[in-house]
Amino acid sequence: MKTFKVLEIKESVFEDNNQRADLLRQELKEKKTFLLNLMSSPGSGKTTTVLRTIEALKDEMNIGILEADIDSDVDAQAVAQTGTKVIQLHTGGMCHLDAEMTRQGIEGLGIEDVDFVILENVGNLVCPAEFDTGACKNAMILSVPEGDDKPLKYPLMFSVVDVLLINKIDTIEYFDFDLEAVKERVMKLNPNIKIIPISAKTGEGLEEWANWIRNEVRKWGE
């Protein structure tokens, strides 16, 4: 029988990416720029939430946005209308960003005068959870119409985030969505997670979300 070499590619890729992510975080710390990785499935209201966040914080801090997508620049155009610094990242068919892609985005955006950057990751509940982007904190959005079973189906995503926004809370009476069940399931996966019900449409819960960001940006800059 011929012998052959077995190369564990996935482990190697993750190890290399984690090292790059740690280096990027260190550089962001030195520049006192806070990077938030925002993840969700498509249609959760991610871009609308980003726009609301800009509106709430634009007079207090300099904000930059990295819009990641497989294709199109629709989201970047929407952000640009606010006057906020934004760059569109095309992933070339990949369903996530890694640390090197994020670094390229940061360099393209330019953060010399930026306090707070939101990376709006590709809409997906699987791949983005596996790759450390180098962000200071991770957040995700779960929208009410998606259902309350998502923590059971995608446990890794709920395990790696620091804050969970439950969006479209204004529609909860129209869907079979058990908010308390979601909280219980998520807390079992991630006891330290912050859970904030919001409505990007009506503004409900957005002040609590903005306060969380204010606190994290302040601590990062100390």
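Where is the place of G147? In this predicted model, in which local features need pLDDT of at least 70, side-chain atom pairs count only at pLDDT 80 or more, and totals for chains, interfaces and linings use all residues, residues are numbered from 1 along each chain as its sequence is written. Side-chain values use heavy atoms, with hydrogens and water left out. G147 is found in the loop between strand 5 and helix 6 (150–153); helices (H or I, at least four residues) and strands (E, at least two) are DSSP runs numbered from the N terminus. With a relative accessibility of 15%, G147 counts as buried, a term that denotes under 20% relative accessible area, whereas exposed denotes over 50% and partly exposed the range in between (1.4 Å probe, protein chains only). When neighbours within four places in sequence are left aside, G147 is in contact with L142 and F177, contact being defined as heavy atoms within 4.5 Å. The C-alpha atoms of G147 and F177 are 5.8 Å apart in space, although 30 residues separate the two in sequence.

The sheet was examined next. Strands of a sheet pair through backbone hydrogen bonds, either parallel or antiparallel. Here, an open sheet of 7 strands shows parallel pairing and the order 3-2-4-1-5-6-7, where two strands are taken to pair if DSSP finds at least two bridges between them. The edges are formed by strand 3 (85–90) and strand 7 (194–197); each has a single partner strand, so one side of each is left without a neighbour in the sheet. On average, neighbouring strands of this sheet are turned by 20° against each other, direction ignored.

Strand 1 (residues 34–40) pairs with strand 4 (residues 116–120) in the parallel sense over 5 bridges. Within this pairing, F116 is the bridge partner of F34, and E120 of strand 4 stands opposite L38. Strand 1 also pairs in the parallel sense with strand 5 (residues 137–143), over 5 bridges, and K137 in strand 5 is the bridge partner of L36. In a regular strand the side chains alternate between the two faces of the sheet. Both faces of strand 1 are covered, with F34, L36, L38 and S40 buried on one side and L35, N37 and M39 buried on the other. Strand 1 is largely enclosed by the rest of the structure, because 7 of its 7 residues are buried.

Helix 2 (residues 46–57) and helix 9 (residues 206–221) pack at an angle of about 70°, their axes being 10 Å apart; axes are lines fitted to C-alpha atoms, for helices over the stretch in contact, and angles run from 0 to 180 degrees between N-to-C directions. Helix 2 and helix 9 are therefore roughly perpendicular to each other (65 to 115 degrees; under 35 counts as roughly parallel, over 145 as roughly antiparallel and the rest as oblique). In the contact, T49, R52, T53, A56 and L57 of helix 2 meet L206, W209, A210, I213 and R214 of helix 9. These contact residues divide into 6 nonpolar, 2 polar and 2 charged, with Ala, Val, Leu, Ile, Met, Phe, Trp, Tyr, Cys and Pro counted as nonpolar, Asp, Glu, Lys and Arg as charged, and the others, Gly among them, as polar.

K32, in the loop between helix 1 (9–31) and strand 1, has a positive phi near 60° in a residue other than glycine. K168 lies in the loop between strand 6 (163–167) and helix 8 (179–189) and has a positive phi of about 65°, although K168 is not a glycine. With a relative accessible area of 26%, K168 is partly exposed.
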